[in-house]
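This report describes the model shown below.

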Amino acid sequence: MTTNWRQRAACRGLDPELFFPASDEEAEEARVICAICPVRQPCLEHALAHREREGVWGGCTERERRRIVRQRRKSA
Ligand code: SF4
């Protein structure tokens, strides 16, 4: 899978710790950045495809990504 989208990531150069919050509640700062990121969708799809277990990807926490996977399975 191409990872060219990373070059346009809004989080590029930012503190990675922002994107690995201790809880969903602490993910707000990362979500705000993801909300204006031009590559939010490919980032999220990458995390889903690679079963990324930690961190905020595409504006979604691990818990939210699990929910997306469940919903997709149901509608498949
Ligand atoms: S969606 Fe969020 S985590 Fe993904 S590249 Fe953009 S800013 Fe980074």
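## Basis and overall fold

Helices (H or I, at least four residues) and strands (E, at least two) are DSSP runs, numbered from the N terminus. The model is predicted: local features need pLDDT of at least 70, side-chain atom pairs count only at pLDDT 80 or more, and totals for chains, interfaces and linings use all residues. Residues are numbered from 1 along each chain as its sequence is written.

The protein contains three helices and zero strands, and its pattern along the sequence is α-α-α. Along the principal axes, the C-alpha atoms fill a box of roughly 35 × 30 × 20 Å.

A residue is buried if 20 or more other C-beta atoms lie within 10 Å of its own, exposed if 12 or fewer, and partly exposed in between, with C-beta atoms placed from the backbone. By this criterion, 16% of the 76 residues count as buried. Two residues are in contact if their C-beta atoms, placed from the backbone, lie within 7 Å. Among contacts between residues at least 6 apart in sequence, 48% join residues at least 24 apart.

## Ligand shell

A residue is near a molecule if its C-beta atom, placed from the backbone, lies within 6 Å of it. The ligand is surrounded by 14 residues, of which the closest are Ala9, Cys11, Cys34, Cys37 and Cys43. Helix 1 (28-35) and helix 2 (40-49) each contribute at least two residues to this shell.

The shell comprises eleven nonpolar, two polar and one charged residues. In this classification Ala, Val, Leu, Ile, Met, Phe, Trp, Tyr, Cys and Pro count as nonpolar, Asp, Glu, Lys and Arg as charged, and the others, Gly among them, as polar.

Cys43, Leu44 and Ala47 are the buried residues of helix 2. They span an arc of only 95 degrees around the axis, which places them on the same side of helix 2; the arc is that of the directions from the helix axis to the C-beta atoms. The face turned away from this buried side carries the exposed residues Gln41 and Ala49. Helix 3 (62-75) is included in what covers the buried residues of helix 2.

A nonpolar core is a set of buried Ala, Val, Leu, Ile, Met, Phe, Trp, Tyr and Cys residues joined through C-beta atoms within 7 Å. The largest one has nine residues: Ala27, Ala30, Cys34, Cys43, Leu44, Ala47, Val56, Trp57 and Cys60. Helix 1 and helix 2 are the elements that give two or more residues to this core, and helix 2 supplies the largest share, three residues.

## Selected residues

Arginine 65 lies in helix 3 and is buried, because 20 other C-beta atoms are within 10 Å. Beyond its neighbours within four places in sequence, arginine 65 is in contact with Ala47, Leu48 and Cys60. Cysteine 60, under the same exclusion, is in contact with Leu44, Arg65 and Ile68. The C-alpha atoms of arginine 65 and arginine 53, twelve residues apart along the chain, are separated by 8.9 Å.

Arginine 51 is located in the loop between helix 2 and helix 3. This arginine counts as exposed, because it has 10 C-beta neighbours inside 10 Å. Phi of arginine 51 is near 50 degrees, a positive value in a residue other than glycine.
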